[in-house]
Amino acid sequence: MLSSRVPAPTSISQPAQKFLRNAPAITARPMDLPALDKRRRDTHAFYAPAGYKLLGELGGTADEVTLGAVRVQRITPKNATATNVILYLFGGGYVQGSPDEDLEITAQLADLTAQRIYAPHYALAPEKPFPAALDDALAAYRALAAEQGAANITVMGESAGAGLALLTMLAASRAGLPMPRKLVLLSPWSDLAKTGDTLTTLEGCDPSLHYEMTLEPAAKAFAAGRDLTSPDVSPLYADYPKSFPKTLITTGTRDLFLSDCARLSTKMRAAGIDCELRVWEGMWHVFEYYTELPEAQASLAEIARFITGPG
């Protein structure tokens with residue numbers, strides 16, 4: 001159990017300070033299936049109802065459709081007028097999570113952008129390790145691009161879902177598929193190995209992550225024996241084509257993945273990609289999920305402007 005914490009800074013909002021003060025201690029997350037199944041059920045039961053409540057308050061709806069034989073949650077905002085759409089890949093370390101649990105973000109983004117959001121139920125490890133999640137995400141993107149046109153799609157993800165978004169776009173490029181209009185990455189898990197500086201220097205600062213207790217077991221379950229620095233599973237180490245879409249990366253000064261986000265943005269810019277890195281003071285891993293925070297609302301509004309703005 002990790003109980004030591006760096007005190008909340010006074011430079012952030014009162015709700016954010018309160019969140020950091022009250023965050024529970026991080027505990028180990030075993031990967032044995034009985035424990036993992038319980039964690040999946042408990043997490044879904046805790047987060048999904050609030051997401052559906054928010055979706056209803058915003059006047060949006062959610063239904064299930066199929067893209068490329070992959071089950072997908074489709075979120076339609078009340079003001080859906082745009083021809084553009086968003087393909088959203090949920091977070092959860094490749095071992096848990098679902099579109100239901102990310103409605104706190106997707107319901108708001110759909111409303112802010114007036115765009116429908118398609119969130120695939122991609123395969124989870126350890127039952128279905130790499131490349132199952134990538135196969136699902138790529139199949140969904142291929143089908144959505146054929147249906148809507150790649151130039152009308154923003155691909156987006158959070159945490160492991162953002163890493164999967166990168167893997168999907170790299171695979172799409174290798175397959176000769178057209179690139180989407182834009183790419184948005186919230187605290188992307190781009191390096192599954194413990195090589196980034198802030199995985200060590202920010203230990204105790206991020207209220208949600210710890211490498212040995214929460215990240216390494218999930219990384220090994222997803223990689224299924226592959227080297228964690230292989231570009232197959234860690235897109236930070238991939239070669240990026242200049243044709244990659246305009247990209248926005250968000251992170252925070254307490255995000256355990258801060259240095260990975262910095263290295264990723266540097267690598268993408270060096271490849272000639274239009275990539276912007278936004279670092280939020282005092283914020284932690286995927287802080288946008290906690291929509292009661294003024295910083296989360298400000299970031300989501302900025303992301304919506306990026307998505308709807310000129311290409």
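This is a predicted model: local features need pLDDT of at least 70, side-chain atom pairs count only at pLDDT 80 or more; totals for chains, interfaces and linings use all residues.
Figure 1. Val286 is found in the loop between strand 8 and helix 9 (294–308). Its phi is near 45 degrees, a positive value in a residue other than glycine. Val286 is also one of the residues that Ser159 touches.

Figure 2. Ser159 sits in the loop between strand 5 (153–158) and helix 5 (160–174). Is Ser159 buried or exposed? Its relative accessibility is 10%, so Ser159 counts as buried. Leaving aside residues up to four places away in sequence, Ser159 touches Leu186, Ser187, Pro188, Trp189, Phe257, His285 and Val286.

**Figure 3. Asp255 in its loop.** Look for Asp255 in the loop between strand 7 (246–252) and helix 8 (258–270). Asp255 has 0% relative accessibility and therefore counts as buried. Which residues does Asp255 touch, not counting residues up to four places away in sequence? They are Ser187, Thr198, Leu202, Asp206, Met283, Trp284 and His285. Ser187 and His285 are also among the residues touched by Ser159. His44 is 211 residues from Asp255 along the chain, and their C-alpha atoms are separated by 23 Å.

Figure 4. Strands of a sheet pair through backbone hydrogen bonds, either parallel or antiparallel.

**Figure 5. The hairpin of strand 1 and strand 2.** Strand 1 (residues 61–67) and strand 2 run antiparallel, joined by seven bridges. Thr66 stands opposite Arg71 in strand 2. Two residues lie between the strands of this hairpin. Gly68 takes a positive phi there, near 60 degrees. Strand 2 (residues 70–76) is mostly covered, with five of its seven residues buried.

Figure 6. How many bridges pair strand 2 with strand 4 (residues 116–120)? There are four, in the antiparallel sense. Ile75 has Ile117 in strand 4 as its bridge partner. Arg74 stands opposite Tyr118 in strand 4. Strand 3 and strand 4 also pair, but in the parallel sense, over three bridges. In that pairing, Leu87 stands opposite Tyr118.

Figure 7. In strand 3 (residues 85–89), Val85, Leu87 and Leu89 point one way. Ile86 and Tyr88 point the other way. Are these residues buried or exposed? All are buried. That makes five of five residues in strand 3.

**Figure 8. Helix 2 packed with helix 3.** Two packed helices are described by the angle between their axes and the distance between the axes. Helix 2 (residues 33–57) and helix 3 (residues 103–113) pack at an angle of about 15 degrees, and their axes are 8 Å apart. The two helices are therefore roughly parallel to each other. Their crossing is right-handed. Ala50, Gly51, Tyr52, Leu54 and Leu55 in helix 2 meet Leu103, Glu104, Ala107 and Gln108 in helix 3. By class, this contact has six nonpolar, two polar and one charged residues.

**Figure 9. Ala107 in helix 3.** Ala107 lies in helix 3. Its relative accessible area is 3%, so Ala107 is buried. Ala107 touches Leu55 and Leu58, not counting residues up to four places away in sequence. Leu67 is 40 residues from Ala107 along the chain, and their C-alpha atoms are separated by 20 Å.

**Figure 10. Loops on either side of strand 4.** Ala114 lies in the loop between helix 3 and strand 4. Ala114 is not a glycine, yet it has a positive phi of about 60 degrees. At 13% relative accessibility, Ala114 counts as buried. Pro126 and Pro131 are found in the loop between strand 4 and helix 4 (132–148). The peptide bond from Ala125 to Pro126 is cis, with omega near 5 degrees. Phe130 and Pro131 are joined by a cis peptide bond too, with omega about 10 degrees.

How values were computed. Residues are numbered from 1 along each chain as its sequence is written. Side-chain values use heavy atoms; hydrogens and water are left out. Axes are lines fitted to C-alpha atoms, for helices over the stretch in contact, and angles run from 0 to 180 degrees between N-to-C directions. Angles under 35 degrees count as roughly parallel, over 145 as roughly antiparallel, 65 to 115 as roughly perpendicular and the rest as oblique. A crossing is left-handed if the near helix is turned anticlockwise from the far one by less than a right angle, and right-handed if clockwise. Contact means heavy atoms within 4.5 Å. Ala, Val, Leu, Ile, Met, Phe, Trp, Tyr, Cys and Pro count as nonpolar, Asp, Glu, Lys and Arg as charged, and the others, Gly among them, as polar. Buried means under 20% relative accessible area, exposed over 50%, partly exposed in between (1.4 Å probe, protein chains only). Two strands pair if DSSP finds at least two bridges between them.
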